[in-house]
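Here is a short briefing on one protein model. Look over the sequence and the fold, then read the points below.

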Amino acid sequence: GVAADMAKALAWYGEAAKLENPGAIYILARAYDLGDGAPADPQKAMGYYKVAALKGNIDAQAAMATYFYEGKLVPKDDVTARKWFQTAAVGGDADAMFNLGVMTMKGEGGDADLATAWVWLKMSETGGVVAAPNAVSVIERRMTPQQLQAAKSIYNPGKR
């Protein structure tokens, strides 16, 4: 029953951000990133993403990983991207699990490890990532029977 007012909403998120609420800081980052309710300002968005990520916001951690992986606004850095994807993945972000799995499979930002990559990809599949089943199929064709057995011994869909 209340009309949407993005400017007013962002003002309230700004107040919450002053109290260091990571979710509010992330919302401000998205607003400046997308130009939604605020003028698009990639540098300001990146600053908010960084603060929210360091305060534990999983979505901001995944955003930071993506910036470093793609080399947007910051130099491309696969090691830093992989660390941020891992942080977000451990926090439960299915897309971060997928991206970490792919990076681990390819050896981007660290050692290649097909068994660990398979586990992250399977977890992302459980999390609903549409591309995950295909990626799991691809990696299984590259794995030795021993690697697949090791991966399956680690993977437990009931635990994260």
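Is glycine 37 buried, partly exposed or exposed? Glycine 37 counts as partly exposed, at 44% relative accessibility. The cut-offs are under 20% relative accessible area for buried and over 50% for exposed, with partly exposed in between (1.4 Å probe, protein chains only). This is a predicted model, in which local features need pLDDT of at least 70 and side-chain atom pairs count only at pLDDT 80 or more, while totals for chains, interfaces and linings use all residues. Residues are numbered from 1 along each chain as its sequence is written, and side-chain values use heavy atoms, with hydrogens and water left out.

**The loop around glycine 37**

- Glycine 37 lies in the loop between helix 2 and helix 3. Helices here are DSSP runs (H or I, at least four residues), numbered from the N terminus.
- Glycine 37 touches Met6 and Leu10, not counting residues up to four places away in sequence. Contact means heavy atoms within 4.5 Å.
- Lysine 55 sits 18 residues from glycine 37 along the chain, and their C-alpha atoms are separated by 24 Å.

**Helix 2**

- Helix 2 covers residues 22-34, 13 residues in total. At 1.5 Å a residue it should span 18 Å, and its end C-alpha atoms are 18 Å apart, which agrees. The expected span is 1.5 Å times one less than the number of residues.
- At the start of helix 2, a side-chain oxygen of asparagine 21 comes within 2.9 Å of the backbone nitrogen of glycine 23.
- Just after helix 2, glycine 35 adopts a positive phi of about 65°.
- The buried residues of helix 2 are Ala24, Ile25, Tyr26, Leu28, Ala29, Ala31 and Tyr32.
- These buried residues pack against helix 1, helix 3 (42-54) and helix 4 (58-70).

**Aromatic pairs**

- The structure holds four aromatic pairs. Rings of Phe, Tyr and Trp (its six-membered ring) pair if their centres lie within 6.5 Å; planes under 30 degrees apart count as stacked, over 60 as edge-to-face and the rest as tilted.
- Tyrosine 26 and tyrosine 49 have ring centres 5.9 Å apart and planes at 50°, so the pair is tilted. This pair links distant parts of the chain: tyrosine 26 is in helix 2 and tyrosine 49 in helix 3, 23 residues apart.
- Tyrosine 49 and tyrosine 67 also make a tilted pair, because their centres are 5.8 Å apart and their planes at 55°. This pair too links distant parts of the chain, with tyrosine 49 in helix 3 and tyrosine 67 in helix 4, 18 residues apart.
- Tyr26, Tyr49 and Tyr67 form one aromatic cluster.
- Tyrosine 26 is buried at 16% relative accessibility. Tyrosine 49 is buried at 1%, and tyrosine 67 is buried at 9%.

**Nonpolar core**

- The largest nonpolar core has 52 residues. Such a core is a set of buried Ala, Val, Leu, Ile, Met, Phe, Trp, Tyr and Cys residues joined through side-chain atoms within 4.5 Å.
- Tyr49, Met64, Phe98, Trp118, Leu121, Ile139 and Met143 touch the most other members of this core.
- Leaving aside neighbours within four places in sequence, tyrosine 49 is in contact with Tyr26, Ala29, Arg30, Asp33, Ala60, Ala63, Met64 and Tyr67.

**Salt bridges**

- The structure holds five salt bridges. Each is a side-chain nitrogen of Lys or Arg within 4 Å of a carboxyl oxygen of Asp or Glu.
- Lysine 18 and glutamate 15 meet in one of them, at 3.0 Å from N to O. Both lie in helix 1 (residues 6-18), three residues apart, about one turn of the helix.
- Lysine 18 is exposed, at 62% relative accessible area, whereas glutamate 15 is partly exposed at 42%.
- Lysine 122 forms a salt bridge with glutamate 125, with the closest N and O atoms 3.1 Å apart. Both lie in helix 7 (residues 114-126), three residues apart.
- Glutamate 125 is partly exposed, at 28% relative accessibility.
- Glutamate 70 forms a salt bridge with lysine 72, with the closest N and O atoms 3.2 Å apart. Glutamate 70 is partly exposed at 43%, and lysine 72 is partly exposed at 45%.

Conventions. Helices (H or I, at least four residues) and strands (E, at least two) are DSSP runs, numbered from the N terminus. A polar contact is a pair of N or O atoms within 3.5 Å; within protein, one must be able to donate a hydrogen and the other to accept it, and residues adjacent in sequence count only if both atoms are side-chain atoms.
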